[in-house]
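Please open the model in your viewer and keep a selection panel at hand. The stops below go from one element to the next.

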Amino acid sequence: MTPQIKHQMTSTVWGMLILLSILWGGSFFFVGVAVNELPPLIIVTLRVSLAALTLWVIALLTGHRPPKDYRVWAAFLGMGLLNNVIPFLLIVWGQTQIASGLASILNAATPIFGVVVAGLFLPDEKPTSLKVLGVVIGFIGVVTMIGLPALGGESPLLAQLAILGASTSYAFASVHGRRFKAMKISLIMLAAGQVTASSLVLLPIALVVESPSLFANVSLHTWLAILGLAVVSTALAYMLYFKILELAGATNVLLVTLLVPVSAILLGVVFLDESLQPIHLIGMALIALGLSAIDGRLWQKLRNRARAN
């Protein structure tokens, strides 16, 4: 049985969520470098495989040992499929046919699916009207920030459905991940187990589909980008992901997909000398408004003050 937990979004949890969005937002930089020399499937496979190696080194050095219960490894496999293999492959395939802006908007729908899936399967995460309102406002903010033109064009329906399928898979992953709390598994072992299971699935596929000869002329900066993607945006990020999942629940951890576009744009402004447009600020303001509704505390104070008057 999935344990019930408290889901208050404390300032610590919000800080962790923002940090996670920066780690995942930074993955756009690393992928942007690596994709010039390596195919997407290889990038994804290297990402989870090197992350698994990193996490196992840290785990063993800190005295952790692999779990021996086959049920734990079965849960790792389910988490790896739902949180890595299925969404990564769907997103990679989808982005070969649709623009990245549209893909980002569709991926930002993840909290909407999360509210529905968690509401169906987790008794202690029934959606409230304020949370639903906050998710919708936040999603509108992402659409505004990335740009309404991204919704136009003749994008293939199947590719759009693939990205939505990835978002749905992430939602089920967050619900599936709640079971680990009862298993009392450490955060580093959770992250290591998930990416290990993902690696075991993706490695055979990559070996069959791609040729080893493509590594012959890969430059040093591409390998550094892959290393950053694996260590920073995957290994560290998933340790943080599981901690937020433990503290705040399946629905709240998915709010990071609303923050990732914000982090990606701000990182672009700081490190790539990109410009911050007024439409970006409007979108960010809407996302902030939506997140405040999901948090609920400010809205409750305003409601109490209105009643008092």
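Select α13 and the largest pocket together: with seven residues, α13 gives the most to the lining of that pocket (a pocket is an open set of points on a 1 Å grid over the protein atoms alone, where a 1.4 Å probe fits, with protein on both sides within 12 Å along at least five of seven lines, and lining residues have an atom within 4 Å of a point). This is a predicted model, in which local features need pLDDT of at least 70, side-chain atom pairs count only at pLDDT 80 or more, and totals for chains, interfaces and linings use all residues. Residues are numbered from 1 along each chain as its sequence is written, and side-chain values use heavy atoms, without hydrogens and water.

Stay with the pocket, whose volume is about 1,200 Å³ (the space filled by probe spheres set on the points, which are joined across faces, edges and corners). Of its 39 lining residues, W24, S27, F28, Q95 and S104 are the closest to the centre. Other helices that each supply at least two lining residues include α4 (70-95) and α11 (220-248).

Among the buried residues are P261 and G268. After the helix comes D273, with a positive phi near 60°.

Technical notes:
Buried < 20%, exposed > 50% of the residue type's maximum accessible area, 1.4 Å probe, protein only. Helix = DSSP H or I, 4+ residues; strand = E, 2+ residues; numbered from the N terminus.
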